[in-house]
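Hello,

Here is the structure for your set. Please look it over before reading my notes below.

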Amino acid sequence: MNTAITHTGHDRPDHVQAHDGHDDHDHKPTGFLNRWLFTTNHKDIGTLYLILSLVAFLVGGVMAIIIRAELFMPGLQLVEPDFFNQMTTMHALVMVFGAVMPAWVGFANWLVPMMIGAPDMALPRMNNWSFWILPFAFVMLLSTLFMDSGGPAAGWTLYPPLVLQTGTSLAFVIFAIHMLGISSIMGSINIIATILNMRAPGMTLLRMPMFVWTWLITAFLLIAVMPVLAGAVTMLLTDHFFSTNFFNAAGGGDPVMFQHIFWFFGHPEVYILILPAFGVISEILPTFSRKPLFGYASMVYATATIAFLSFIVWGHHMFTVGMPLQGELFFMYATMLISVPTGVKVFNWVSTMWQGSMTFETPMLFAIGFVVLFTIGGFSGLMLAITAADFQYHDTYFVVAHFHYVLVPGSVFALMAATYYWLPKFTGNMYSEKWGKIHFWLSTIFVNVLFFPQHYLGLAGMPRRIPDYSPQFADFNMISSIGGFAFGATQLIFVAVVLHCVFRSKVKATAQVWEGSRGLEWTLSSPPPYHSFTTPPVVTRNMLKHAE
Amino acid sequence: MKKENTVIVALAVLAAVMAATWLLLVAPALTGNEINMPRGVTSQSAIHYDLHMIVLWVCVVIGIGVFTVMFTSIVLHRKSRGYEAAKFSHSTLAEIIWTTIPVLILVAMAVPATTALVKMEDASGAEMTVKITAFQWRWKYEYLDHDISFISALGAASNEARQLNSGIDPESVQNYLLDVDHPLVLPVGKKIKFLITADDVIHSWWVPDFGWKRDAIPGFINEAWTNIDKAGTYRGQCTELCGKDHGFMPIVVTALPQAEFDAWVNAQRADSRDQHQATKRLWTRQELMQRGKSVYATACATCHQPDGQGLTPAFPALAGSKIATGPVAAHIDIVMNGLAGTAMSGWRDKLSETDIAAALTYTRNAFGNETGDIIQPITIAGIKRQSTDQGTAP
């Protein structure tokens, strides 16, 4: 198919012809500091986010390896229980706030202006700020591991009163969370402002690519809930250091209140991690099926519905705190409802593939892996919604298996799919398809070896967040650990493929990169010019993946 | 592509998907490991198990359907086979169908799910009540109708083996990490109400065979109930992260037929009378040291360590400490009432007067703390009575 989109008169030659791989005529700032520290360019900031995310992914991965190594067999062989708890806590904080969220912001930075036909983000200086807060926040967060009082060890959910037993390092953790929140809110404001104000002529809301839609909704979620988290952790701070009693029952406070506030943030937060993934999959499946996205409008509405429902289901994280029956019933029904729009999405993806003309490059493989494995995670989510059964599942490895299925072969697979899909566009070089496919197959095999047995462990009675266990759980823990080590090692292939693509690959990418790709970003050269669209393109119906 | 071929491919894919399902959900049980939720020994646990199986099978059936369609498409609709892409991009009818049918399935599932929940939350008509108080990292059980109370902690053999690099093979310890010194003893065939609370941080009381867990939260008293069908020993664990020894806080329930339970109650009462007598008499230094050593091992050593050296930074050393070698009154106060803002909890109501006196005597004379002080149980009893009278009890 040679349907490379013809520009409609508005675009200037220096976009389309920038095929030499050098964009020096694009007025890039010179000098390392000018280019990276003071940058206001959406692509450079996007790159910084993605690098940070990759580093955090590896740091969080090492913590996961420590956890799985201690759980390799019964008995304590490697670490003290308190350090084990620090690892589980930090692993989650680093993966959620350091790996997955910044990665999505990185892709949003790169892609949103290119997808809607804008030259850059709406608020470039704020963009610089929202990135450069992050490295400092992370250094501060990680530094707590080396403090006398040790890092936080009360789980990423930071439940009081336990978290108030943390030493002085708690202040650093909370300040780091505040900085992460400020960064997220600034990033979200920027994304919303860009999407609502800088769309090219003809790019109506219901013509926007799904990735843009999912990010628009995600950004609203972020703005709604990050301040709630900030409030909750500030109350922890004053309880710990200034003798307030927000969560201290002996002082008239309420420890359960924290859980309500935390999960009012926490449940939308998990959709913040997954909604952009939905967007990416909705971009990739049509490309490699050579067929429009099925049910574009219902995809948009389903995303919005999921986002709305995410605000009224927080109680399902706390079914065992002793809620009144009415509360339990409400949260159960609301949670079950989420499976309807989520189901619509899965059915639409399968219908997109149905009667397509499919090829199976690495991004497509990861997208298909996502649909299958995310669906499995969705099923266990539906099971967890049933309150009475949750009295058994709650806080066991069944839950661990559930949320890792939606986060690892869910969000992380979508991130990898996105990397393989757009990296040739970003760099102008093709990655190694052979090694990409090896990376996919090894990841898919080992992610299941790692997480599927955890369902059995949880059902058979193994609680989560324990450093040691009864020998009856030994076999599946060992299998899970082996899967974990192998999955971890496999990700080094990913790092190598990315580095090779960026620095060594001799195979140049075309502007369209993929035969079936549609949308404005593919009309730009690979790599795209430093300032994406300096004159807005006019968007017509046939330029898009979805033929509404 | 002929229609017949589509059907044949779809059937082959269906067979493959079902084989994969079997491999994931059935085959692992052939290893002899438990892979499913226990059916348990109470009416609740059976209901929760049935619900679990219903929703599991609903998911399996939907999953098999979706994946069969998807992989049939992956097999047939490939560019490498020369398949031309269709052009369709939506179908209102299909979308209405696959929104409506899941809603109907959910409504059907909500009915038994609601019934089970209503039943679970109805603790009325209980014939006896046990109050469970969790604290780092033990359970205190009080039989409100029988005037019996005791503390249950990880068994000594497990406790020794679970230390970092203990050199003891966990497999050699019977019921490793699932054994306690004093199990909760309950009668079968009686509706038993639990009042669950905590003293320091949040814990959660779970015996899988009973079919539920419930959080133990400081400042709250949660209600739950059970009615055990079958005599036996049932094991569980704390299921809410509660600090460093969260993984070492098991629960063991011994369910006895009513007659045996009554005999056990009588024995406990006789025991508690002996305890009471013991508080009144004067103890020798040697007796107190001996008893103190074992109290220290079960109650204090987790934090302050068996050698009294503590664990920096949270748990201070007792060897040579200002408190354990300083004024007796201050030492008693900390042990009895705890120290706010630290992990040190008050032992006033968790240990008997004799045990507190013994532990105090032991820590003031062991680890090189040669103070020579002897604290008598009667002294502790007096302090306890005094603070209760003054209303300063916590």
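Contact here means heavy atoms within 4.5 Å. This is a predicted model, in which local features need pLDDT of at least 70, side-chain atom pairs count only at pLDDT 80 or more, and totals for chains, interfaces and linings use all residues. Residues are numbered from 1 along each chain as its sequence is written, chains are lettered from A in the order in which they are written, and side-chain values use heavy atoms, without hydrogens and water.

Chain B
In chain B, 65% of the contacts between residues at least 6 apart in sequence join residues at least 24 apart. Chain B has ten helices and ten strands (DSSP runs: helices H or I, at least four residues; strands E, at least two). Its radius of gyration, 29 Å, is well over the 21 Å of the globule rule for 394 residues, so chain B is more spread out than a compact globule. That radius is over C-alpha atoms; the rule is 2.2 Å times the number of residues to the power 0.38. The C-alpha trace of chain B spans about 95 × 50 × 40 Å along its principal axes. Buried residues make up 51% of the 394 (buried is under 20% relative accessible area, 1.4 Å probe, protein chains only).

Chain A
A:His91 lies in helix α4 (residues 81-116). A:His91 counts as buried because its relative accessibility is 15%. Beyond neighbours within four places in sequence, A:His91 contacts A:Gly60, A:Met63, A:Ala64, A:Ile67 and A:His404.

In α9(A), the buried residues include A:Tyr296 and A:Leu309. The buried residues of α9(A) pack against α7, α8 and α10 of chain A, together with α3 of chain B.

Best wishes

Note on methods: Buried means under 20% relative accessible area, exposed over 50%, partly exposed in between (1.4 Å probe, protein chains only).
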